Amino acid sequence: MKGIQDYYPDHFAHCYGCGRLNEHGHQIKTFWEGEGTLTRFVPKEYHTAIPGFVYGGLLASLIDCHGTGSAALALAKAQGIELSETNAPRCVTASLQVKYLKPTPIGGEIVIKGKIKEVGARKVIVEAELFANGVLCVVGEVVSVLVPDHFGQ
């Protein structure tokens, strides 16, 4: 199953967190799940902060890219875009807020759930919750803005 990131134009597909063309990156995928969004990721042992726990910078990165992916899904839906090839809108982060509630253990799948809080013509606000082993560990808010198709070319 494809995530929104699989529909980004090639020149927008190099992000370390979600770019399908970045062989060294995380290559996360974000999907609709009901009215919300979903991303899954399994951290590697080298993503450690202290033994047994995930590095906080990785968690912020996952919230960030989940947020921009969720924003792209929301804009595509609002604008009636049927995703095909590389026609997805691409958003970048204008603001990122992350709150660490509990240490996030390594050794299982991380699940990030998003809720679209606001959709404008160019701006989308996404609330995100990051879970490990079913426990809420991190919450965040991402303000994303749509970038023009020619950006970065």
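Predicted model: local features only at pLDDT ≥ 70, side-chain atom pairs only at ≥ 80, totals over all residues.
Axes are lines fitted to C-alpha atoms, for helices over the stretch in contact, and angles run from 0 to 180 degrees between N-to-C directions. Helices (H or I, at least four residues) and strands (E, at least two) are DSSP runs, numbered from the N terminus.

Now to the sheet itself. The 6 strands form an open, antiparallel sheet in the order β1-β2-β4-β5-β6-β3. Its edge strands are β1 and β3, each pairing on one side only. From one strand to the next, the twist averages 25 degrees. Two strands pair if DSSP finds at least two bridges between them. Strand β2 (residues 36-41) is joined to strand β4 (residues 110-119) by 5 bridges, and Phe41 has Ile110 as its bridge partner in β4.

Two residues other than glycine have a positive phi:

| Residue | Phi | Relative accessible area |
|---|---|---|
| Gln27 | near 50 degrees | 30%, partly exposed |
| Glu85 | near 50 degrees | 66%, exposed |

Buried means under 20% relative accessible area, exposed over 50%, and partly exposed in between (1.4 Å probe, protein chains only). Gln27 sits in the segment before β1 (30-33), while Glu85 is in the loop between α1 (56-78) and β3 (91-100).

A few notes on reading the model: residues are numbered from 1 along each chain as its sequence is written, and side-chain values use heavy atoms, leaving out hydrogens and water. Local features need pLDDT of at least 70 and side-chain atom pairs count only at pLDDT 80 or more, whereas totals for chains, interfaces and linings use all residues.
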